[in-house]
Amino acid sequence: LSDRVFEISEELVRELSWLAKVGLSESEVRRLVRELDVLLGYISEIVELSVGEEELLYPNPEGHLREDVASSEGRGRKHIAGAIEENGFVKAPRVISE
Amino acid sequence: VRYLRATDFVLDLKGGSADPYALLEHAHREMARLDPQLNAFITIDGSVPEDLERECRNRVLCGVPVAVKDNIVTESLRTTCASLMLKDYVPSYSATVVERIVGAGGKIVGKTNLDEFAMGSLGTTSAFGPARNPLNLEWSPGGSSSGSAAAVASGMVFLALGSDTGGSIRLPAAWTGIFGLKPSYGLVSRYGLISYGESLEQIGPMASSARDLALLLSVIMGFDEKDSTSLREHIARDRVESIAFTNPKPETLSGLKATVIKELVEHPDSDEVMIREFWRALDRLSSEGLSYEVVSLPVVLKAPQTYYVIAFSEASSNLARYCGVLYGTRRLDFEEASWEEVYSTNRGLFGWEVKRRIILGSFVLSKGYYDMFFSKALKARGLIKRELDRLLSRSHLILTPGSPVKPLPLDYDITDLSKLNAVDAPLVLANLSGLPAITFPVGWTGRIPIALHAIGRFLSDDMLIELAKALTEEIFRVKLPFEVM
């Protein structure tokens, strides 16, 4: 895409890595600048595609909802076995700094 | 007795002439002999049920070993997604498909290798090293269901589960000379499949014969209230099961109409020999009664790009849960740093391909680019589906080569997108549209398997398997990969 409206820079990659919360080393940042450039060039080919007023398609043939009845067979605790539990709560990192 | 199909064993067992442990013992022996080379399995469960006679004599999969792709959860059996992120994850429940297999008497013998979180086409992004192609150890078996394909093609097991988000069942089937089905969207429950691109993917059967493919599909298919996209109305289970145990119907091909999309066959990056063999197979079929029409549909060459945008966007959301709180390996103490640092550090453990896809997915979903990429891709998806439905309103199937390129070597550079566009284009059509698609072998050139890929009308999965059975048993009389090896 010759007239691309964005440029892949180290700064952009660092920002994306921060937003997506995926840590990258400095060498990974440089590598991703090169590779994102290629990948974005490739997917940008759809920008020029003439699709008209097509509906947004998201297939969910006949989506259905369950009755709101507990059915974990008492296994709720087992399902969160990977968490750190403290005083009956799941422990997470601090989200508000002091 | 050396069995060549699970269905033959099932019939013998029913008739009282089979040892119920025959297939299990064979599987354990072959896994011990071959897996050190093939690396098809990440985790092996070598346990043997105590009394098959008493336990499951009357159940359809009694004593049949099944290999399960390691992105499908199995209670008490480690499920890694071939990622360091989940290398010690032992699920607290089983996927619906696994419960149904076990309920039918089947035995899960192990969890098969894959691209990390099913992201890849060669099986090479696995944190546990790549699975190898039994036909040539330097070749990729295709991905992402690389281990399931290697396990079936080498004859360790007859049945395996794969998952197919953008061709991940069908490409490995094509490159190893076996059968693979991507079911109609909603026919098979996704409950317990670790999500990558949930609007695109289905769990499906992989097998070394069409009969076995039907057998496994008949067990895993059907409505599941735990999956909100599961179909209530679908194909009769008995009908699918009957395909497993009956001879091909005569004249399956008469009156059958197919469409060939020119752009998929004339792709500039395809290998000449694969295309030549495709036309040869088609000539053979038309002499047996198939009629086909060649049409032009240039938009199919943009299907992989459309798929990338949607799949990566869905991945960036689905993989958000691996932050170390409920799931994922913890690398930083929660007391030591801010949540942002904790999450970024923990998630730095993803492999390179997964990182690329999450970050690219975040980019195309971000303000300013959402309409340009994501909305556009959804519209393109709608357009592609409408075009395929149009073609399928005047023919029964769309036929393409199983793979337009020869199996790629394991050291292929995956940042080179040229060959991968040729490979992806026919396959992702079925995922974007939700249509069923099957890949099956029609011959060999040396050790290279030649396969056909057929996309059918919605919920014509049974017809696709019936067709594959008739073609492979009556017309092409194809050798199994473990007979070629």
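The dialogue below takes up confidence, folds, contacts and charged pairs in this predicted model.

Q: How far can I trust the coordinates, and what is the average pLDDT of chain A?
A: Where pLDDT is low, the predicted coordinates should not be read in detail. Chain A averages a pLDDT of 83. In chain A, 82% of the residues score at least 70.

Q: Which elements of chain A have the lowest and the highest mean pLDDT?
A: Helix α3 of chain A, residues 76-79, has the lowest, at 81. Helix α1 of chain A, residues 10-20, has the highest, at 95.

Q: In what order do the elements of chain A run?
A: Start at the N terminus and read along. The order in chain A is α-α-α-β-β. That gives three helices and two strands. Of the 98 residues of chain A, 33% count as buried. Now take the contacts in chain A with a separation of 6 or more: 39% of them come from residues 24 or more positions apart.

Q: Where do salt bridges link up in a network?
A: Look at A:Arg31, A:Glu35, B:Glu353, B:Arg356 and B:Arg357. Salt bridges link these residues in a network. Over all chains, the structure holds 33 salt bridges.

Q: Why are B:Lys385 and B:Asp389 separated by about one helical turn?
A: An α-helix has 3.6 residues a turn, so residues three or four places apart point the same way. B:Lys385 and B:Asp389 are about one turn apart because they are four residues apart in helix α14 of chain B. The two form a salt bridge, with the closest N and O atoms 2.8 Å apart. B:Lys385 is partly exposed, at 23% relative accessible area. B:Asp389 is partly exposed too, at 31%.

Q: Is A:Arg77 buried or exposed?
A: Exposed means over 50% relative accessible area. A:Arg77 has 55%, so A:Arg77 counts as exposed. Its salt-bridge partner is A:Glu85, with the closest N and O atoms 2.3 Å apart. A:Glu85 is partly exposed, with a relative accessible area of 42%.

Q: Is B:Ser199 buried or exposed?
A: Buried means under 20%. B:Ser199 has a relative accessible area of 1%, so B:Ser199 is buried. B:Ser199 lies in the loop between β5 and β6 of chain B. A polar contact of 2.8 Å joins its side chain to that of B:Arg381.

Q: What covers the buried residues of α12(B)?
A: The cover includes α1 of chain A together with α13 of chain B. Among the buried residues of α12(B) are B:Val342 and B:Tyr343.

Key:
Residues numbered from 1 in each chain as written. Chains lettered and ligands numbered in written order. Predicted model: local features only at pLDDT ≥ 70, side-chain atom pairs only at ≥ 80, totals over all residues. Heavy atoms only, no water. pLDDT = per-residue confidence, 0-100. Buried < 20%, exposed > 50% of the residue type's maximum accessible area, 1.4 Å probe, protein only. Polar contact = N/O pair within 3.5 Å; in protein donor to acceptor, adjacent residues only side chain to side chain. Contact = heavy atoms within 4.5 Å. Salt bridge = Lys/Arg side-chain N within 4 Å of Asp/Glu carboxyl O.
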